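Please read the report below alongside the sequence and the coordinates. It moves from whole chains to single elements and residues.

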Amino acid sequence: MSSGDVVEFLEIAAFDNPDATGFRIRFREGADVRTEVAHRLARHIASRLLEPADGAFEAWADRYSGGTPHDETAKGVIEAYLVSDFTPTKDPDQTRLRGAVVEHLWAAVAAALDGGWGMPLHVEHEHFSVIDHGGDGLSFYELDPTELTFRLWESKRHEADSSSVTTTVTGAAEQLKSHGPEYLARISKPLQTHRDERVQLLAGQLVRLWKSGDERCAVGVSVGTSKTKSLPTRPFSGLHTHFPYSDIARKEGVVFEIEDLASFAKEVRAAIMRGIE
Amino acid sequence: VERALDPQLLASALDGGANLPTPSELRSLLANAEIASFFGAGDTLASELMDTAWTLHHVGTVRPALRLYEPEQQVRANTVAAHIFDLALRDQRISDGYRHVLTFAAQVSSIRGDRMPNATALAERLQPMKASLRSAPGRVSLELGCTLLGLRAGDLRPLLRRLGLEARELQRQEQAAHVGVWSAAVNVVFGCDDLFAYLTNGNRRRIDDARERFLVAANHPESERDLDTRWVAGHLIDLCDDLGGASIWSVLPPDTPRATARAMTVGSPPVMTLWPPQIAVLGEVMCSPLDASIRRSVLTFPTSAGKTLLTQLVIMNHLATEDTGVCVVAPRHSLCREIREDLDGRLWALDKSIAEDGPLGDPTPARASVVVMTPERFAARLRANENELLSEFGLFIFDEAHLVSDGSRGWTFESTISRLHELTTSTAHRIILVSAALGGTLSIQSWIGASDSVPAVVAKWRGPRRLHATYSVNEDRSTRKVVPPEGKQRISRTVVDVVGRVNLYVDRGAAVATATSKVGPCVTAGKQKKQPSAAEKVQPIVELAARAGVVLTVHATKKAAEALAKQLASERPESANTHALVLLAAQRLGNSHPLVDVLRKGIAYHHAALPIDVQVEIENAVRRKHLDVVCATTTLTEGVNLPVRTVVICDRGYRDRDAYHELISPSDLMNAAGRAARAGRETEGWIIVVEDAHPTPARRALLDLDTDQEVQSTLATPAAMAALLTYEQLLHDAAGLVLAGVPAEVDGFLAYCWYLADAKDLLDVTSDVEAVIAGLGSTLAWQQLPREVQERWEAIAAVAVSAYNDADVTRRTRWARTGVRLSANAVLEEVAQSAAPALLSLTEEERKDPLLVLRKLLEEGRLAKLLSLIPNRDYRFRTTRFGRPQPISVDVAALVMDWTVGRDLTDLANDHLGAVKDDGFRFEQLSDFLAKVCEHHLPWTVGIILDWVATDTGTAICQEVPNYVHYGVPDDVALALMAGGVRSRRLAVAVGCEASAEGVDEIRMRSWLTTLGLQGWRSRLQASPAEASDLMRFVRDNTKGMSAKLLGGNAVALQLETIAADIAVDEVGTVDFALHDEDPRPLAVLDAFGEEIAPIGAADQRGLEVLLEAGFVLTATVTSVGDTPGVTLRLDE
């Protein structure tokens, strides 16, 4: 499954603002689009997360389409890949679910967004860890054949009732600022043995480049919000405040405007669980 | 002072381009964090500091192959990062998961920052591992990573076994080598197993396998989301090089026997890697102490730098390569005991034995591969038979060698080493001096090297950080107020607040923080002044320090130690942790003894006046962290390895009207400070010196801890010079040798000259002055004294030699061998002449009875003569500790006899010192008397006299009398127990009584005790845990070499007492600990379901226990049932 499956139901528009390369993404108009996106996103998530396990996605898709239930072993494997973000019992308030849906939405459309550095060469995204702070994704880009650059991403859900999108973006930027070195220090270690020597070399410098604000590093924030009408004019001002890079390509902001994000997230989860239960 | 806060270190660690704090800003941030930690604020670290930590951790741990940073910068960056992570871990609010992340990061940076023991100390703080591979692979990797880097084999082996089974079960379920999201974690589990196997056994293929496994895990496509596992794996790839490079197998020269390394890696505690100073020493081609051709070494390591392990390694290597034994000399019985127990945990792997030599006067030397003894015992054995000693031992190790400068014992130590050195100049014998305080190594080197080349190794490295504080108490004049008289008072009172002030230092500069606390009021009314007691004054700082960990307070006197313990206990609730210790102390000392009360509150005091077994139980309670504070004299600090976080030096002596009397010397202070933060147990320790009347201010004393102390011969001190002058005047007025009123320093010198004269005689060398003077040239004193002073001493030596030549042959040899001061020999001769007819009046049978012989020997004023050789304060008693001394009359002979017949300490105290009302002081005086007179002086002198009388009269007399007096036991059984390493006299006496009632003699006693077993020891002998442990070691059957055989891959047949009725032949089980709430825990054969089917006999327990402690699995296959049950044991690695 390609990201285009989701993207074709989304309306992606540039979001003009002085602080970052911005994008504003909504569902296209039309009956059942929302449900279709939920199901396509579920397939996208299952496809990506189950990719490493031989036959697991096929098994999930078969069950999703009404096939026979999994035996315990197969179900255990699928759960192991999918449950961390989508198991109801582990997330009674569903905050993690909403955050995960936003992250996966970003992952589904990332390839279609050219934030100024083109397509990523390598992406590290949505790790599970005993700690839940740090970046949510790391993209490596190949600006020229000898030199790579990277962008550290943070995805956030916006709780519409309590604060503004700007506040959420600023919070994400603060999180990147405060926990960036820790996350980068950790992810850099395995990447220092990556098969691509250029990735190894960049991995060995990630934290230093980040701390010194080197031109090879960039930031990105994606926010999912239920608010669909009155986005602020400068939602990414906080991103600029914390990362005052002059090159706008080094700051990327994406806002997903989804009416009732909480119920959409539930729909996505229900679709995922259909392939498991 | 802590190097980690050195501005230069911080500057070189920081990456200039990384937008980090400046060195001074970072130092300030770190200092503030240290201060918050000290005061127990528990604040979350500043985000700027954490940012810096992760950045430096990153810089420090980037793969060296990428060549992005200089290696030295990486080491320094890691040192600082580990420091910050360690401080962050003090925050108790962080989640368990994050605690593991920070711990692993701190461990990695510790190892790669050359502070390997801190990785072990960090692992010690974690809860036991609990995560399962299936439910939490990332957590498993973190927990396993932390445990592996802690290098705790006892935990690691069973953990790897469990996780290995789980991983294989996952693979079985998946029917493939790839197990989906668990792939990376499974590879981490197997990789850790490979790495651990290499560290234990040295198979290089396994470390290559480990590296490959970790590489797969770091980049496994099926586990790309498992950040924790990938992070752990990424580091472990590099740590294969670090740990592999520091591994025993890599560091030891290629021609080192495998058995040497194996004894270290599977012994207790397992040592798989070495620390930088050890690696540096062993890597020196020209001066490796493992090299048998290097015959003299001086190892000067600060405490916690690994000198103990290094000497153990040298000992193991000697035993694995040479046919001769090893003699280890240590200044105190407590240290000898600890050395024996530590080595005992390794020697089984070589199938070698260790023993502690008997007391002075014991005619029978201990026989074992390694013999540990005090300097005085060593001197006695050397004097008694030089050739025998040299044929038995090929390696001599002198621990705490700075004892040469000790005022009372130094000369014996120095002269004995000098003689040994002289005797072995052209032989293969090796001498190693070890100390933390041999700063003046140049003269030490030339002393034992003379014309030979002597490598000296001085290391400044230290694992844990050490930070300093001073504490002073003063009146705050600004609070002065006058209170008018009230009630019956006639004059007004002046009240001033007394305030305690603590200054914290993190480097050699000024204090970084100061805090004050009101101690209490000082009230003056006319000439009367009432102020807080010394104990009340130091109480606030001790209480503060106790919040962060165990505190050891060090005092110049027993009285001060007891007073502080009582003061601290007075304001504390009862502790639930010390119940067993309270019972034991009440049993040994009586309910009314003050120690019992303080123990109830989780506080203890510890000094030489307490029975040895009580001292040992207190030390064990500190190791288990059952006690918060121990108030001790230097008895506890001279080498015993105790894990405390803070050492408070409360006083260094006392002031009287004339002067300040220093009781804790700079080297004592260094030893005491060395107890703070032991390597591998703590990452940081505080040393606090309380300002007292000592002429050297507390701050200076702390700074001097980092200054090399000049070790001075006792003949080169001002006191010796004064003594020399006094004796020269005595000689001036006399025709020949003067033996009356001889200053102690000269008396010891005369004795050595006499000994040298006799030794030259034996060697058939002309017994002239030149020969003796040549012998004196081998002493440290002759390296340090100016020629003109040497000549003055040589003139006295000439007088001694002349007297020697004038003496008859018997006297010549006898006086040379006693080891006492020369003038004391005359007294001993007198006593021997008087005792001979008395002893001959006994029948032949009576002369075999040690108690009768002793009684007869001490009669007719002979005891008084013997006591006249020591200061009278050692055998005089008084009613009160304070005020004008009120002497009490004690029948010392009766007291000695009651001690020797094994009477309980409480009875001795009550019967003989009943006039002393203070329980603590009564016991203190008794214990002092017993330690100085019964355990040391009398056995020594009585042994000499009995030997002389027996030789002169040709009559057999019980020669074991000195041992009975030393141990204070009445029969052969009890004596055998005490000589065999049992520390508790009470237990030995109890066993003796029970054995006598059962008709068991000392020959059958071991098997009888074995049959009684742990249960019997507890029920019939009321054995405490420490006593039962001693019995376990005593009954151990060393003849089987069972542990070494099992380790060598052999099967061992084991007879059992009983076995469960429903067990069949060929059933397979394991040997493991049967019950977990007992101390010590008994072993049993367990069936496949973990049910106990047969107990393991006490004689076999210790031999199997060492294997279980190292984490091995012992499988047991039932070979026979019924009346003669048995199993075959195998080691399952």
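The sections that follow describe a predicted model, taking the chains first and then two local sites.

## Chain B as a whole

Chain B holds 1133 residues, and its radius of gyration of 31 Å agrees with the value near 32 Å that a compact globule of that length would have. Along the principal axes, the C-alpha atoms of chain B fill a box of roughly 95 × 90 × 70 Å, and the secondary structure of this chain comes to 46 helices and 26 strands. Of the residues of chain B, 61% count as buried, and 69% of the contacts between residues at least 6 apart in sequence join residues at least 24 apart.

The chain carries 118 positive and 146 negative side chains, yet the centres of the two sets lie 5 Å apart.

## Helix H37 of chain B

Helix H37 of chain B spans residues 892-900, and because seven of its nine residues are buried, the helix is largely enclosed by the rest of the structure. The buried residues of H37(B) are Val892(B), Leu895(B), Val896(B), Met897(B), Asp898(B), Trp899(B) and Thr900(B), where a residue counts as buried when its relative accessible area is under 20%.

What lies at the two ends of this helix? At the start of H37(B), a side-chain oxygen of Asp891(B) comes to within 3.3 Å of the backbone nitrogen of Ala893(B), while the residue Gly902(B), which follows the helix, has a positive phi, near 90°.

## Chain A as a whole

In chain A, the secondary structure comes to 10 helices and seven strands, and 58% of its 277 residues count as buried. Of the contacts in chain A between residues at least 6 apart in sequence, 71% join residues at least 24 apart. Chain A exposes about 11000 Å², and carbon and sulfur atoms supply 46% of that area.

## Ile12 in strand S1 of chain A

Ile12(A) belongs to strand S1 of chain A, which runs over residues 10-15. Is this residue buried, partly exposed or exposed? Ile12(A) counts as partly exposed because its relative accessibility is 30%, a value that falls between the limits of 20% and 50%.

Leaving aside residues up to four places away in sequence, Ile12(A) touches Val7(A), Phe23(A), Arg24(A), Ile25(A), Ala112(A) and Leu113(A).

Notes
Residues are numbered from 1 along each chain as its sequence is written. Chains are lettered from A and ligands numbered from 1 in the order in which they are written. This is a predicted model: local features need pLDDT of at least 70, side-chain atom pairs count only at pLDDT 80 or more; totals for chains, interfaces and linings use all residues. Side-chain values use heavy atoms; hydrogens and water are left out. Helices (H or I, at least four residues) and strands (E, at least two) are DSSP runs, numbered from the N terminus. The radius of gyration is taken over C-alpha atoms; the globule rule is 2.2 Å times the number of residues to the power 0.38. Buried means under 20% relative accessible area, exposed over 50%, partly exposed in between (1.4 Å probe, protein chains only). Contact means heavy atoms within 4.5 Å. Lys and Arg count as positive and Asp and Glu as negative; His and the chain ends are not counted. The place of a charge is taken as NZ of Lys, CZ of Arg, CG of Asp or CD of Glu. A polar contact is a pair of N or O atoms within 3.5 Å; within protein, one must be able to donate a hydrogen and the other to accept it, and residues adjacent in sequence count only if both atoms are side-chain atoms. Accessible areas come from the Shrake-Rupley method with a 1.4 Å probe; for residues, only the protein chains shown count as cover.
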